[in-house]
Amino acid sequence: MAFFTLEIVIFSAENFSLDKKPVKRNTFVVVKTDPFSSKSTKVDFEGGSSPSWNEKLAMVMPMHARFITLEVLCRVGPVDRVIGTVDVPASDFLGKYRSAPESYERILSYRLKNEKGEKNGIVNLSIKVSDQGSSAPVTRNNKSKPCASSSKPAMGVPIGAGGHDGGVVMGIPVCCGAHG
């Protein structure tokens with residue numbers, strides 16, 4: 001199977017709540033490149049509703065994948081609760097024709113949606129395609145616990161008055177000079 005190797009840095013998130021109350025601590029992010037491959041950041045114990053992770057995750061993404069999924073979760077006792085989810089379109093970091101220059105870093109921000117489909121914060125990250133290969137490694141999931149998952153997929157958030165004008169919020173790649 002053909003694949004891309006991605007370097008994903010989860011920087012931070014901001015302005016989210018759980019049950020309409022600000023989150024106080026114990027947040028982390030799970031990144032999924034397909035239904036069988038996921039990695040998570042460490043738990044931020046102090047950041048509250050604006051946590052910071054600054055954590056790099058190296059992941060393999062199948063060439064046919066159309067998006068990667070990010071879930072921000074909060075550990076409440078023994079339970080991990082979903083704060084917000086977003087599907088990041090592959091075209092945002094691979095380019096329109098899936099030919100982004102190798103080692104080109106995209107800085108992105110996305111609005112999260114909670115399980116009810118309501119806006120719930122923003123996640124900030126970077127994605128760099130570091131390699132293209134022809135067969136995926138055997139190792140897959142690095143997590144010791146299964147993660148919670150959203151009941152419905154999220155491909156951005158409707159925008160406009162009332163949120164029903166058909167528009168979609170997408171991350172805007174930002175060029176920050178030469179990276180290497």
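The entries below go from the whole chain to single residues.

**Entry 1: the overall layout**

I noted at the start that this is a predicted model. I then looked up the elements, and the chain has one helix and ten strands. Reading from the N terminus, I wrote the order down as β-β-β-β-β-β-β-β-α-β-β.

Next I looked up burial. Of the 180 residues in the chain, 46% are buried. The accessible surface comes to about 9,500 Å², and carbon and sulfur atoms account for 54% of it. I also looked at contacts between residues at least 6 apart in sequence: 67% of them join residues at least 24 apart.

**Entry 2: the salt bridges**

I reminded myself that side chains of opposite charge can pair when their charged atoms come close. How many salt bridges does the count come to? The count is five.

I started with glutamate 7, whose side chain meets that of lysine 56 in a salt bridge of 3.8 Å, N to O. Glutamate 7 sits in strand 1 (residues 3–14) and lysine 56 in strand 6 (residues 52–62), so this pair ties together parts that are 49 residues apart in sequence.

Glutamate 7 also meets the side chain of lysine 128 in a salt bridge, at 3.6 Å, N to O. Here the link is between distant parts of the chain, as lysine 128 belongs to strand 10 (residues 119–133) and glutamate 7 to strand 1, 121 residues apart.

Lysine 128 has 16%, and buried means under 20%, so lysine 128 is buried.

I looked up one more pair: lysine 32 and glutamate 71 meet through their side chains in a salt bridge of 3.7 Å, N to O. Lysine 32 is in strand 4 (residues 27–34) and glutamate 71 in strand 7 (residues 67–76), so the pair ties together parts that are 39 residues apart in sequence. Both lysine 32 and glutamate 71 are buried.

**Entry 3: a charge without a salt bridge**

Then I turned to aspartate 92, found in helix 1 (residues 91–94). Aspartate 92 is buried yet has no salt bridge. Which side chain of opposite charge is nearest to aspartate 92? I found arginine 106, 7.8 Å away. What the side chain of aspartate 92 does make is a polar contact with the side chain of tyrosine 110, at 2.6 Å.

**Entry 4: two residues of strand 9**

I looked up serine 109, which is in strand 9 (residues 105–113). With 35% relative accessibility, serine 109 counts as partly exposed. Its side chain makes a polar contact of 2.6 Å with the side chain of asparagine 124. I also noted isoleucine 122: it is 13 residues from serine 109 in sequence, and their C-alpha atoms are 6.6 Å apart in space.

Glutamate 105 lies in strand 9 too. With a relative accessible area of 18%, glutamate 105 is buried. The side chains of glutamate 105 and serine 126 are joined by a polar contact of 2.9 Å. Valine 129 is 24 residues from glutamate 105 along the chain, and 7.4 Å separates their C-alpha atoms.

**Entry 5: a hairpin**

I followed strand 7 into strand 8 and found a hairpin with two residues between the strands. The two strands pair in the antiparallel sense over ten bridges. Leucine 70 stands opposite valine 86 in strand 8. Strand 8 (residues 79–89) is mostly covered, with nine of its eleven residues buried. In the turn, glycine 77 has a positive phi of about 65 degrees.

Asparagine 26 is not a glycine, yet its phi is positive, about 65 degrees. I placed asparagine 26 in the loop between strand 3 (21–22) and strand 4, and it is buried at 19% relative accessible area.

Asparagine 54 is not a glycine either, and its phi is about 45 degrees, also positive. Asparagine 54 is found in strand 6 and counts as exposed at 52% relative accessibility.

Conventions: Residues numbered from 1 in each chain as written. Predicted model: local features only at pLDDT ≥ 70, side-chain atom pairs only at ≥ 80, totals over all residues. Heavy atoms only, no water. Salt bridge = Lys/Arg side-chain N within 4 Å of Asp/Glu carboxyl O. Helix = DSSP H or I, 4+ residues; strand = E, 2+ residues; numbered from the N terminus. Buried < 20%, exposed > 50% of the residue type's maximum accessible area, 1.4 Å probe, protein only. Lys, Arg positive; Asp, Glu negative; His and termini not counted. Polar contact = N/O pair within 3.5 Å; in protein donor to acceptor, adjacent residues only side chain to side chain. Pairing = 2+ DSSP bridges. Contact = heavy atoms within 4.5 Å. Areas by Shrake-Rupley, 256 points an atom, 1.4 Å probe, with all protein chains shown as cover.
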